[in-house]
Every structure is written in C-alpha cells, then in structure tokens.
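Subject: Model for your review

Hello,

Here is the structure I said I would pass on.

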Amino acid sequence: MTEISEAYGEDAVCCVASKKSNVCNRRFKNTEELSREILASMFDMAPKIRVVVMCSHGKRFQEAPEFIGDVMKMMSRVAPDSRMKLQMYFDEIHHYANERNPGGRRVRSLIEDACESELVEKVYGYTATPNAVWGDGMWESIEIDNVNYNDENYVGISDLNWVKCPSASLPAQFAATVYDEHPRVFGHMARVFVPGYRERDTHYAVRDTLQEKDPEIVVVVLNGENKRVYYYENPEDCEYEPKSVELIPEGMEEVCDTIARIITNLNLLERPIVWTGNICVSMGQTLAHETVGSFTSVLINTHAMDASALYQLLGRATGRYLGWGIDMYPTVYSPIEVKNVCEELESAAKKLAQDFSGKEVTQDMYSSWCPTAYPQKRIKSPPPPHEVIVVDELFKSFEDAKEFLKTKETEMRTKPRIGKKTSIFEVDGYKLTSRLTPKNIAKSTDRITEDKLASIAPGMCLSAKKGNAYLILPVYETTESSPENEKYHVRYIHFE
C-alpha cells in the first residue's frame with residue numbers, strides 16, 4: 001500500500017474495509033459508500049480515485065459485480081476522450097476463481113463480463129499455482145503477462161534442505177516425533193514452521209505438545225479465531241496456562257511486522273519460536289521477518305492434500321531473505337512426496353515466468369511439466385450444443401416458475417428436481433437464493449432487484465456439462481418493494 005500511495009498519491013488510493021485500519025487514509029465500510037465517493041469525484045466534489053483495494057474474501061466478491069457494474073455505468077457517461085479505462089487485478093486467482101470453491105463461479109463470471117467490456121483495458125491474475133485457473137471457454141488458454149524474472153536474494157523450494165520422515169496421523173504427533181529424533185530442530189533461537197490442519201484444535205495441540213516438551217518454546221498461533229503469541233515467562237510455570245499477547249497491528253504493519261514487534265518487546269528473540277495455523281499461514285502470507293529471522297526448519301506432516309495448497313503452504317519458508325545476512329537455508333522434515341510435488345510446481349512456475357512471458361499457455365502444457373503433482377490430465381470435451389434461454393416474463397410465484405420449467409423438460413434434457421427443500425430462503429422476510437448468496441453471510445440487502453438482475457451474466461450458475469440446466473431467482477422490482485412482493489425469474493439451458 002505504501003508503494004501504491006507513493007506512485008498515485010495518498011488521496012488517489014482508497015480501500016474497502018469494514019474495520020478501521022491505518023493502512024489506508026481513505027477507507028470505506030462498503031462498496032455503496034465507495035460508489036457515492038467515486039460519483040462525487042467525477043464532478044470534482046471529492047479527490048479523484050485512481051486505485052481501489054479490497055480484501056479477497058467472500059463478502060467483497062459478493063459485492064464486486066454490482067460495484068464494478070456501477071463504476072462502468074458512471075464511466076460510460078464520460079466523454080470517450082476523457083474516459084479512463086479500468087484495470088482489474090485479482091490476487092491468488094487460483095483460489096478465488098476456482099470453480100470448486102464457494103463463490104468461484106461468481107468470480108469467473110465477473111471476469112468474463114469484464115473481458116467483454118470496452119470499458120476494461122485488461123484483467124490480471126496473480127498466482128504461483130495456476131492449475132485451477134484453466135477451464136472452458138476463454139479459460140482454455142491463458143496469456144502469461146510479461147514478467148521480469150528476478151530471483152536475487154530469493155530462497156526457493158529447490159534451495160531447501162530435506163529430511164525424509166514418515167507422516168503421522170496428526171501434526172502434533174509429527175512435531176513430537178521430530179522433536180524426539182532431531183532435538184536440535186527446536187534449539188536456541190530456532191525458527192520453526194509447523195502448520196496444522198484446517199481444524200483449529202490441531203493448532204493448539206501443536207502449541208501444547210511442544211511447550212510441554214520445552215517451556216522455552218514460544219508459539220505463534222494464527223487462525224480465524226485467534227492470533228496470539230504464547231510463551232512462559234519462567235519455565236517452572238509450565239504446569240499453568242502460558243501467557244499470551246494478541247497480535248494487534250499498529251499503523252501499516254503486516255502480520256510479520258506485528259509478530260516481530262511483540263516478540264522483540266517481550267524480549268523473546270533468544271528463544272526458539274514456532275509458527276502454526278493453516279488457512280491464515282498459507283497463500284500470500286509473509287511470516288518471516290528480518291528482525292526475528294527466517295525459518296530454520298519446516299515440518300510438513302502429510303502430502304495428502306491438493307498439490308497447489310501444499311506448495312502454497314511450504315512457500316511460507318521461501319522468500320527474498322538472503323539479503324538479511326543469512327547463509328543457512330531452512331531444513332524441511334516431511335514425507336518424500338512433499339519434496340517431489342513442490343519441486344515440480346516451483347520448476348513449472350519458473351518456466352512460465354522465464355520462457356512463456358507474453359505467450360499463451362494451456363492446462364495440458366502446464367500439467368505436462370508437473371506429472372507428479374497433477375498425474376491425471378483433465379480430459380476436456382466440449383459441452384453439447386446449447387443455448388441459454390433467459391425468460392423475460394417474471395412469474396408471480398415459485399410454484400408458477402416450477403410449473404413453467406416442467407414444460408421445458410425435453411429442451412433441458414432433465415426433470416426439475418424441485419422439492420420442499422429448495423435453494424430459496426428468507427432473511428428478514430425477503431427471499432434470496434443460495435445459488436448466488438451463501439446462507440451464512442446473507443443479508444436482506446443482498447436481495448435481487450430488477451436492476452441487479454440485468455447485471456447477472458446469462459450463464460451464471462448454469463452448466464451444460466455438469467447438469468445445472470435451470471435457475472430460479474426471487475426478484476423485487478426495487479429496493480423499496482415489500483418482502484411479500486417478490487416475483488420469480490427463470491433461465492434455463494436449451495439443448496439443440
């Protein structure tokens with residue numbers, strides 16, 4: 001953010017964040033507030049906005065299509081010679097545009113619509129593991145941006161030292177075995193990365209197991225409910241609960257800055273330090289810090305996970321830290337399969353950057369470079385000839401929409417499987433659908449109006465190959481419509 005602000009000016013950069021932060025001077029709680037500010041800036045009633053930064057999570061991706069649609073409408077009213085074009089950047093695109101992940105299809109539709117708009121100059125995605133990005137249609141071939149490859153001071157997967165270890169059923173058991181067989185791993189000033197599984201209990205089990213073996217060990221736990229440093233001020237206090245300090249950032253600190261500041265303030269730099277967690281310590285997260293030092297060891301218990309997720313996890317031990325005066329690379333303790341998979345993926349990432357800059361790459365080309373990580377190439381067959389039919393008429397009730405679809409069974413080549421348990425649910429009396437909005441984060445303001453309906457891509461939530469042949473959406477005329485006045489929109493696939 002500092003570099004962006006220096007390049008464009010602090011007033012030209014804004015962020016959307018529900019919580020207060022010193023990372024950005026112009027902060028908006030939601031995209032509605034931001035849209036009003038952009039409109040005001042177009043009439044010189046507020047400083048011009050050049051860069052918008054949003055966190056990558058479900059809520060923001062849920063808001064993004066409508067927000068970007070609003071921005072495009074505003075831009076379309078500007079004279080062409082005065083109009084700036086949009087550039088869109090998606091970090092960790094392999095995760096957020098993955099059709100297997102919640103919201104992945106929505107992100108893909110957003111990108112597809114953007115690529116077709118004359119108001120968008122280009123869409124960029126960033127990832128070290130692109131396998132999940134490829135798909136049908138425009139996703140079959142991906143252009144690699146011109147990259148100035150630079151590995152100066154960089155420690156990669158191939159630079160790490162490896163010790164083969166049999167896996168255990170749980171990360172804490174694996175950590176205990178490594179401690180017993182290789183006690184120097186957790187010695188004086190050791191810096192050890194011991195990721196757990198997704199379950200938070202495994203993070204606390206790593207903490208408890210290692211601090212029982214040596215109360216001198218400091219444990220940094222990073223998960224969705226808890227980001228704290230745990231330590232014993234005096235080793236003889238180990239029969240009690242450890243002390244802890246919450247990792248609360250100050251100013252524009254990143255997580256690694258906050259950890260380094262607290263560890264330093266507590267005078268714990270001379271102790272062995274362990275980091276654990278899972279989602280919060282995986283992709284995109286920098287944990288090492290020049291003050292604390294880089295990792296000396298990494299313990300990866302199992303290779304039985306998605307290859308991309310495994311590589312992203314081990315990537316926390318890599319980075320540009322040779323300039324810190326460090327002359328010893330981390331040692332990885334893991335099953336041998338972890339080494340094979342991660343070295344393949346790193347080699348493939350380098351090949352993309354060095355040999356295919358500015359060129360088109362297919363999934364078959366990529367997977368051929370990493371056969372261990374992706375042993376089965378995805379066999380692509382085109383979907384059968386079809387057309388998406390968007391019905392103009394809005395039906396008065398869900399039952400009417402269902403009856404209409406029953407008349408289209410031959411065209412859809414399927415019978416509508418609509419029972420009592422449908423995707424339609426209520427929030428504050430308003431009807432919504434889980435096909436577009438997950439129940440656990442849904443708000444009444446997420447309801448679809450006729451204006452919103454027009455911005456939903458025709459093929460959203462439909463698939464000619466996967467059997468999703470129809471979609472029913474509850475729609476309100478405006479945001480002022482009462483909860484009981486919903487109507488129902490239908491779209492379906494007509495197979496030729």
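The buried residues of helix 9 are in contact (heavy atoms within 4.5 Å) with helix 4 (93-96), strand 7 (161-164), strand 8 (191-193), strand 13 (297-299), strand 14 (331-334) and helix 10. Helices (H or I, at least four residues) and strands (E, at least two) are DSSP runs, numbered from the N terminus. The model is predicted: local features need pLDDT of at least 70, side-chain atom pairs count only at pLDDT 80 or more, and totals for chains, interfaces and linings use all residues. Residues are numbered from 1 along each chain as its sequence is written, and side-chain values use heavy atoms, with hydrogens and water left out.

Buried means under 20% relative accessible area, exposed over 50%, and partly exposed in between (1.4 Å probe, protein chains only). The buried set consists of Ala 307, Ser 308, Leu 310, Tyr 311, Gln 312, Leu 313 and Leu 314. At the start of helix 9, the backbone nitrogen of Ser 308 has a side-chain oxygen of Asp 306 within 3.0 Å.

Now the charged pairs. A salt bridge is a side-chain nitrogen of Lys or Arg within 4 Å of a carboxyl oxygen of Asp or Glu. The count by this rule is 19.

- Asp 208 and Arg 207 form a salt bridge through their side chains, at 2.9 Å from N to O. Arg 207 is buried because its relative accessibility is 9%, while Asp 208, at 32%, is partly exposed.

- Arg 261 and Glu 250 form a salt bridge at 3.4 Å, N to O. Arg 261 belongs to helix 8 (residues 255-265) and Glu 250 to the loop between strand 11 (243-246) and helix 8, so the pair ties together parts that are 11 residues apart in sequence. Glu 250 has 49% relative accessibility and therefore counts as partly exposed.

- In the salt bridge between Glu 343 and Lys 339, the closest N and O atoms are 3.2 Å apart. Both residues lie in helix 10 (residues 336-355), 4 residues apart, which is about one turn of the helix. An α-helix has 3.6 residues a turn, so residues three or four places apart point the same way. Glu 343 is partly exposed at 27% relative accessibility, and Lys 339 is partly exposed at 22%.

Regards

How values were computed: A polar contact is a pair of N or O atoms within 3.5 Å; within protein, one must be able to donate a hydrogen and the other to accept it, and residues adjacent in sequence count only if both atoms are side-chain atoms.
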